[in-house]
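Have your viewer ready and try each task before reading on.

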Amino acid sequence: MEKINQSLNQLNTFSQTKEKPTYQCERCQDTGLVIIDGIGKICPCQKKVVLAQKKQASNMTPKLAEKTFENFSMHYYPAYAFSERYGKTYQQLAETALLSCKNFVSDVKADRYREGLILEGDIGSGKTHLAAAIANELLDAGRTVLFLVVPEFLDEIRSSYQEASDGSEGALMQKAKNVPILILDDLGAHTYTNWTQSKIFTLLNHRLNYNLPTVITTNLSVEEIGEALGERTASRLVELGKFYPLQVEQDIRLTKSLEK
Ligand SMILES: [Zn+2]
């Protein structure tokens, strides 16, 4: 008897929820459409869904998603430290790089064509922070961004080529070639085979030819890129945009851990 009562209670709760449905979005009752002056319009909740999907597809890790221009700390770039190589203080270099990244974002948002830009600096110099901040700003503005860490990207496309016996290009390479905004993080001095060298050239060449902007972070100078990746890639990089150097006295991650 008690069991029957329990079931009846359950049934009651079911019918109650059926009578009084709760919607995630009360405005459109989860249909995604609202009627304004007799015209069906996409409910604002759907824009959030699309934005969330784009963020999901961007390959940004939770750590990268935290990086903004606001939390890029100038404190690691002292005005007393002078770079002989660039003839500027570390502070001036960082300010120039930050400003160039902000300008890039506003140009892309305003649909002014930009080839891209290159952030150059040692490990822990803050270049990935700035690249991630660019990605986050543009994702928030509803743009489609793909963030790739170069060594991982090369591993992935290599295995996808091996799987495809017909030698066809993998989905990731296709996406990297055609995504509206591409971030290539850590184009470093890895050992490049002729094959990987040619893949990077093909990718950059395609994006330049189709007016698709690319942001690159690297610990190499343009000369060193020429040595590691070949002259033709280096010359495409020069075409792609200016190099913005960042210099710190020691790895920011190390400085942070010492400050704790
Ligand atoms: Zn809605």
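Helices (H or I, at least four residues) and strands (E, at least two) are DSSP runs, numbered from the N terminus. The model is predicted, so local features need pLDDT of at least 70, side-chain atom pairs count only at pLDDT 80 or more, and totals for chains, interfaces and linings use all residues. Residues are numbered from 1 along each chain as its sequence is written, and side-chain values use heavy atoms, with hydrogens and water left out.

**Exercise 1.** Find how R236 and E239 are placed in helix α10, and classify their burial.

*Solution.* 
- Step 1: R236 and E239 are separated by about one helical turn because they lie three residues apart in helix α10.
- Step 2: Their closest N and O atoms are 2.5 Å apart, forming a salt bridge (a side-chain nitrogen of Lys or Arg within 4 Å of a carboxyl oxygen of Asp or Glu).
- Step 3: Buried means under 20% relative accessible area, exposed over 50%, and partly exposed in between (1.4 Å probe, protein chains only).
- Step 4: R236, at 12%, is therefore buried, while E239, at 45%, is partly exposed.

**Exercise 2.** Which parts of the chain does the pair R85 and E120 link?

*Solution.* 
- Step 1: A salt bridge joins their side chains at 3.7 Å, N to O.
- Step 2: R85 sits in the loop between β3 (82-83) and β4 (88-89), and E120 in strand β5 (residues 116-121); the two are 35 residues apart.
- Step 3: R85 is exposed at 52%, whereas E120 is buried at 8%.
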